[in-house]
Amino acid sequence: MSLIELAPEVIAQVNQLMMSGFEIPAEKLLPSATLIGDLGLDSLDAVDMLVYIEETMGIKVEGERLATVKTLGDVYQLASESMAASAQNLSPVLDTATQTQASQQL
Amino acid sequence: MKVFVTGMGALTSLGNDVETFFGALKRGESGVKTYPEWRQYKGLHSYLGAPVPEYDVMKIPRQVRRSMSRMSEMASLATYQALAHADLQPGEKLNSPRVLIIMGSTSGSPFTFEQYFKKLIERGGPEGQLSTSFFKVMNHSVAANVAASIDFNGALLAPSCACATSTQAMIVGWELIKAGLYDIVITGGADELHYMSTSIFDIVMAASRGYNDNPTESPRPFDDKRDGLVVSEGAGVLILESEKSVKARNARPLAEMKGGAYLCDGTHMSQSSAETMTKVMHEGLTRAGLTASDVDYVNAHATGTIHGDVEEAKAISKVFGEGMATSSLKGHLGHSLAACGAIEAIASIKMMEEGVLIPTRNLTTVAADCGPLRHIKEVTPAKVQTVLSNNFAFGGMNTCLLLSALN
């Protein structure tokens, strides 16, 4: 995953949906927190997390990228990159099969 | 082998536990409200519903709750109540091959169906659908979600026959205990209020249209000014238990489930008939080893429809003769569809326990064609030994069950 600078508003939005969508307490939302081990998410949650990110941030996220996401910091990175790509209208539209396949690798 | 009820739990339009809702029944309260926002739906004429009061979903773990619609949430909370009432704890002992969950709903979640198809049509495909949507609309959503909510990994069944669902579930549970296959059966049903459910009845002129501005005056079972039913929501769960299990764990039985019957009409999907209602009551009595003279009170299905109430009144008088004590709880609670049979069974057990008959709310003047019965019109002290409770459903499903007080 190529690193780009994380915008504070992206971190805030991702944290907000982690709290509202998955009821994760704010104190657990550390960049190093693993989605499965530390935050208690699973493959179903991963699919829904992408839907929430797309809908709340108005962006498109590549489903295949989910396979590389392990930590909350990775989610920040993915959201930031997707936001940048969406701004340039470069991101492909997600399809559900790709989403699910990728999420099962989590 | 006798079958006992050892636990009960309920969320209803009149309260979110058994004692609260039965107290409201005794006070003659109504759970019916007007939904002015439903006026936006073209072709809908009934704007009445009876919602369940706000409840605490946080009692259900998030990873289980995420796949639940409102009906599964209510069923799970009612199950927690019923298990606690029966002094049963989720866990290893409940995960026995001798324990069965059997409960259902009319359909999957109408809210989720609406959200799913709205997005599907708007986006031209499945893009953006949540992973958990299917688990809210599958036909066994309530049963599967209840199982998950109590970490249950035993036998599971999910019958579905609309408004007779939970009655049928209880009777099948009774049959399977009698057959020696299970010792404990967690049974009941649930449904959630949505304008689509009301519209199903409204389309066939069976939903109340004339009381939109006076919600608590409808529905009016057996009354000469009745004009249709009011859809409600809720969940009712009962623990059925074999006599052997009750003795083995020194459980406290609340009532005996004597039996019941579920027969289809076989002729019409929506027009109920006194003839087939009569047949199911006779069959229920036979299977329970009882005769008509053993029954002290009939808890009628009577929803307040023009046709159904007349047919049921005819059938009750044909089976029991003139003067059978009869009432319907739909005037208080509305019609909670798949949940109503279990909720009414619970209320019937409470009536036997407290020695009181709950009247038919809004029954002011008995319609000329809804007799001859002893219609209960006010809270009436009575020693009730045995109750027959009816539930009938679209699709031509007729059911009745029999419960007896403990001596």
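**Exercise 1. Confidence in chain A**

Which elements of chain A have the lowest and the highest mean pLDDT?

*Solution.*
- Helix α4 (residues 96-103) of chain A has the lowest mean pLDDT, 46. Helix α1 (residues 8-22) of chain A has the highest, 95.
- The model is a predicted one.
- Residues 91-106 of chain A have a pLDDT below 50. Beyond near neighbours in sequence, this stretch still has 38 contacts in the model.
- Averaged over chain A, the pLDDT is 83. At least 70 is reached by 80% of the residues.

**Exercise 2. The make-up of chain A**

State how many helices and strands chain A has, and in what pattern they follow one another.

*Solution.*
- Chain A has four helices and zero strands.
- Along the sequence the pattern is α-α-α-α.
- Chain A has 106 residues, and 32% of them are buried.
- Now take the contacts in chain A between residues at least 6 apart in sequence. Of these, 72% join residues at least 24 apart.

**Exercise 3. Where chain A touches chain B**

How many residues of each chain are in contact, and which helix of chain A supplies the largest share?

*Solution.*
- The contact joins 11 residues of chain A to eight residues of chain B.
- On the chain A side, helix α2 (residues 43-57) gives the largest share, six residues.
- By class, that side has six nonpolar, four charged and one polar residue.

**Exercise 4. Two helices against α13(B)**

Classify how helix α1 (residues 18-26) and helix α7 (residues 165-178) of chain B are oriented towards helix α13 (residues 340-354) of chain B.

*Solution, α1(B).*
- α1(B) and α13(B) pack at an angle of about 75°, and their axes are 11 Å apart.
- Angles of 65 to 115 degrees count as roughly perpendicular. So α1(B) is roughly perpendicular to α13(B).
- From α1(B), V18(B), F22(B) and L25(B) make the contact. From α13(B), the partners are I346(B), A347(B) and K350(B).
- These residues divide into five nonpolar, no polar and one charged.

*Solution, α7(B).*
- The axes of α7(B) and α13(B) come within 5 Å and cross at roughly 70°.
- This pair is therefore roughly perpendicular as well.
- S166(B), T167(B) and M170(B) of α7(B) meet G341(B), A342(B) and A345(B) of α13(B).
- Here the classes are three nonpolar, three polar and no charged.

**Exercise 5. M170(B) and V204(B)**

Are M170(B) and V204(B) buried, partly exposed or exposed?

*Solution, M170(B).*
- M170(B) is found in helix α7 of chain B.
- M170(B) has 33 C-beta neighbours inside 10 Å, so it counts as buried. The cut-off for buried is 20 or more.
- Not counting residues up to four places away in sequence, M170(B) touches T187(B), L238(B), L240(B), G260(B), G341(B), A342(B), A345(B) and L401(B).
- M170(B) and A342(B) are 172 residues apart along the chain, yet their C-alpha atoms are separated by 7.7 Å.

*Solution, V204(B).*
- V204(B) is found in the loop between α8 and β7 (234-242) of chain B.
- V204(B) has 14 C-beta neighbours inside 10 Å, so it counts as partly exposed.
- V204(B) and L285(B) are 81 residues apart in sequence; C-alpha to C-alpha they are 32 Å apart.

**Exercise 6. Helix α8 of chain B**

Which residues of helix α8 (residues 195-203) of chain B are buried, and what covers them?

*Solution.*
- The buried residues are Y195(B), S197(B), T198(B), I200(B), F201(B) and D202(B).
- Their cover includes β3 (48-49) and α4 (110-123) of chain B.
- Just after α8(B), M205(B) takes a positive phi of about 60°.

**Exercise 7. The nonpolar cores**

Which residues of the largest nonpolar core touch the most other members?

*Solution.*
- In soluble globular proteins, nonpolar side chains tend to be buried together.
- The largest nonpolar core holds 119 residues. Those touching the most other members are V5(B), A75(B), M103(B), L238(B), I239(B), L240(B) and I346(B).
- α13(B) gives this core its largest share, nine residues.
- Apart from this core lies another, of 23 residues, including V10(A), V69(A), L78(A) and M83(A).
- Take A75(B) in detail. Not counting residues up to four places away in sequence, A75(B) touches M103(B), V142(B), V146(B), G188(B), A190(B), A235(B) and V237(B).

Technical notes. Residues numbered from 1 in each chain as written. Chains lettered and ligands numbered in written order. Axes fitted to C-alpha atoms, helices over the stretch in contact; angles between N-to-C directions. Parallel < 35°, antiparallel > 145°, perpendicular 65-115°, else oblique. Contact = placed C-beta atoms within 7 Å. Nonpolar A, V, L, I, M, F, W, Y, C, P; charged D, E, K, R; others polar. Core = buried A, V, L, I, M, F, W, Y, C linked by C-beta atoms within 7 Å. Buried ≥ 20, exposed ≤ 12 C-beta atoms within 10 Å, placed from the backbone. pLDDT = per-residue confidence, 0-100.
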